[in-house]
Amino acid sequence: MVPKVVFGRGAFNQICDIISPVRNGIAPFIFLVDDVFKNNTSFIEDRIPLSYTDEIIYVSTVEEPKTSQVDEIVSKIRNDYQYVPSGIIGIGGGSILDLSKAVAIMLTNPGSAADYQGWDLVKNKAVFHVGIPTISGTGAEVSRTTVLTGPERKLGINSDFTPFDQVVLDPELIKDVPKDQWFYTGMDCYIHCIESLDGTYLNAFSQSYGEKALDLCKEIFLENNLSKEEVDAKLMMASWHGGMSIAYSQVGIAHAMSYGLAYVLGTKHGIGNCIVFDKLEKYYPEGVAVFKKMKEFHNISLPTGVCANVTEDQLDVMTKVALSLEPLWENALGYNWKSKINADMLKELYRSL
């Protein structure tokens with residue numbers, strides 16, 4: 001679990017007080033910041049207290065985070081600095097938070113980030129790392145995974161060393177998220193809840209977080225009696241609770257299939273989950289029905305014909321990537337999941353998107 005968290009409007013302004021005690025001499029803090037803020041310095045950059053050789057690195061999130069991107073950032077830091085950094089501070093959405101966790105891990109572990117895609121492969125503790133979300137829903141701020149697209153598949157680095165050492169939850173930082181992105185990322189949280197609560201891995205710990213996150217999602221996305229400030233604060237907590245629910249159980253079919261979409265077509269995680277989940281009535285009838293209500297309530301139109309032009313070879317790769325995520329299928333369909341889904345059935349689902 002994340003051992004330390006600060007919550008509240010304006011909490012970002014405490015970042016200096018939060019990280020100063022763990023500074024290791026002149027070893028730098030490296031701030032990985034979503035480049036959407038590059039031209040809005042007053043919002044993020046001007047409030048970051050740089051000392052000694054601290055550095056801000058702006059990172060593009062046009063594409064889903066890749067193992068090669070992690071390796072490049074780690075190589076740059078190692079080449080530019082004599083000392084291992086005092087810490088990595090990630091400021092952005094799920095992509096930046098996942099990149100930050102992965103960079104922190106790879107600074108103390110040999111090889112490529114691709115070597116650690118899977119469960120419990122990391123041997124050495126990561127450098128101190130802080131997560132500061134500027135969009136809410138992914139649960140990346142609290143999860144024990146960092147989801148990356150590698151040379152062979154899209155899969156997380158799942159380990160006890162992955163979670164942040166400190167998280168700063170400041171609802172002010174998510175106030176200007178564009179509506180479509182707000183919805184897609186918020187639905188990532190909603191889908192986390194449905195897949196966790198409907199799964200065979202469910203336990204009382206996971207259930208308590210998942211139920212609370214689901215209640216918050218319904219309040220946020222199906223009611224119209226909250227102020228913008230209340231919505232931002234509640235969505236930030238829904239994301240946290242949804243991420244905690246997944247940390248102690250697992251996701252399911254929508255996530256497995258969206259990993260395949262992302263690997264082959266580069267579809268972003270939030271919208272990819274929505275595109276897939278919209279077609280999963282057979283597996284999550286009640287959850288999909290409520291999702292469609294939320295979509296209608298906020299006048300959201302999802303892309304159609306996403307797989308209209310994919311080749312058979314691409315379908316094969318999508319299917320292979322999705323089916324390789326065995327814990328997700330076992331959570332969704334049970335121990336004998338292989339008797340309930342196969343490549344041909346999955347291809348039909350992909351063709352329907």
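Two strands count as paired if DSSP finds at least two bridges between them, and strands (E, at least two residues) and helices (H or I, at least four residues) are DSSP runs numbered from the N terminus. In this predicted model, local features need pLDDT of at least 70 and side-chain atom pairs count only at pLDDT 80 or more, while totals for chains, interfaces and linings use all residues. Residues are numbered from 1 along each chain as its sequence is written, and side-chain values use heavy atoms, with hydrogens and water left out.

Strand β4 pairs with β6 in the parallel sense over five bridges, and Ile91 has Ile132 of β6 as its bridge partner. Both strands belong to an open sheet of six strands with parallel pairing, in the order β1-β9-β6-β4-β2-β3. Because β1 and β3 each have a single partner strand, one side of each is left without a neighbour in the sheet. The twist averages 15° from one strand to the next.

| Helix | Strands | Angle |
|---|---|---|
| α2 (residues 67–80) | β2, β3, β4 | about 160° to β3 |
| α3 (residues 94–106) | β2, β3, β4, β6 | about 170° with β4 |

In helix α8 (residues 269–277), nine of nine residues are buried, meaning under 20% relative accessible area with a 1.4 Å probe and protein chains only. These buried residues, among them Ile271 and Phe277, pack against β8, α4, α7 and α9.

Key:
Buried < 20%, exposed > 50% of the residue type's maximum accessible area, 1.4 Å probe, protein only. Contact = heavy atoms within 4.5 Å. Axes fitted to C-alpha atoms, helices over the stretch in contact; angles between N-to-C directions.
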